[in-house]
Amino acid sequence: MLRILADLHASGTTIAIITHDMEVAAWCPRQIKVRDGVVS
């Protein structure tokens, strides 16, 4: 699944992934984190 998302991203498609899995999050080149309602 991540390979498909990577291909879409490479073609210029914006991808948003919401996850609690840190291994999946580590794959993402840009991360926006929310903890206790605070965006960082």
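**Figure 1. Charged side chains and overall layout of the predicted model.** The protein carries 4 positive and 4 negative side chains, and the centres of these two sets lie 8 Å apart. The model shown here and in the following views is predicted. The protein contains two helices and two strands, and these elements follow one another along the sequence in the pattern α-α-β-β. The C-alpha trace spans about 35 × 20 × 10 Å along its principal axes.

**Figure 2. The salt bridge between arginine 3 and aspartate 7 in helix α1.** The structure holds one salt bridge, and in it the side chains of arginine 3 and aspartate 7 meet with an N to O distance of 2.9 Å. Both residues belong to helix α1, and because they are four residues apart there, about one helical turn separates arginine 3 from aspartate 7. The two partners can also be described by their accessibility: arginine 3, at 57% relative accessibility, counts as exposed, whereas aspartate 7 is partly exposed, with a relative accessible area of 42%.

**Figure 3. A nonpolar surface patch made by Met1, Ile4 and Leu8.** These three residues, Met1, Ile4 and Leu8, together make a nonpolar surface patch of about 340 Å². One of them, isoleucine 4, lies in helix α1, which covers residues 2-10.

Figure 4. Isoleucine 15 is placed in the loop that runs between helix α1 and helix α2, the latter comprising residues 22-27. When neighbours within four places in sequence are left aside, isoleucine 15 is in contact with Leu5, Leu8 and His9; Leu8 is also one of the residues that make the nonpolar surface patch. Isoleucine 15 has a relative accessible area of 28% and is therefore classed as partly exposed. For a distance across the chain, isoleucine 15 may be set against valine 39, which is 24 residues away in sequence and 18 Å away in space, taken from C-alpha to C-alpha.

**Figure 5. Threonine 14 in the loop between α1 and α2.** Threonine 14, like isoleucine 15, lies in the loop between α1 and α2. With a relative accessible area of 75%, threonine 14 is exposed, whereas isoleucine 15 is partly exposed. Threonine 14 and glutamine 31 are 17 residues apart in sequence, and their C-alpha atoms are 13 Å apart in space.

**Figure 6. Glutamate 23 in helix α2.** Glutamate 23 has its place in helix α2, and at 69% relative accessibility this residue counts as exposed. Between glutamate 23 and glycine 12 there are 11 residues of separation along the chain, and the C-alpha atoms of the two residues are separated by 23 Å.

**Figure 7. Aspartate 36 in the loop between the strands β1 and β2.** Aspartate 36 is found in the loop that joins the sequence positions of β1 (34-35) to those of β2 (38-39). The backbone of aspartate 36 has a positive phi of about 50°, although this residue is not a glycine. Aspartate 36 also counts as exposed, because its relative accessibility is 76% and the cut-off for an exposed residue is over 50%.

Notes
Residues are numbered from 1 along each chain as its sequence is written. This is a predicted model: local features need pLDDT of at least 70, side-chain atom pairs count only at pLDDT 80 or more; totals for chains, interfaces and linings use all residues. Side-chain values use heavy atoms; hydrogens and water are left out. Patches are made of residues with over 30% relative accessible area and no salt bridge: like charges are joined within 9 Å, nonpolar side chains (Val, Leu, Ile, Met, Phe, Trp, Tyr) within 5 Å. Accessible areas come from the Shrake-Rupley method with a 1.4 Å probe; for residues, only the protein chains shown count as cover. A salt bridge is a side-chain nitrogen of Lys or Arg within 4 Å of a carboxyl oxygen of Asp or Glu. Buried means under 20% relative accessible area, exposed over 50%, partly exposed in between (1.4 Å probe, protein chains only). Lys and Arg count as positive and Asp and Glu as negative; His and the chain ends are not counted. The place of a charge is taken as NZ of Lys, CZ of Arg, CG of Asp or CD of Glu. Contact means heavy atoms within 4.5 Å.
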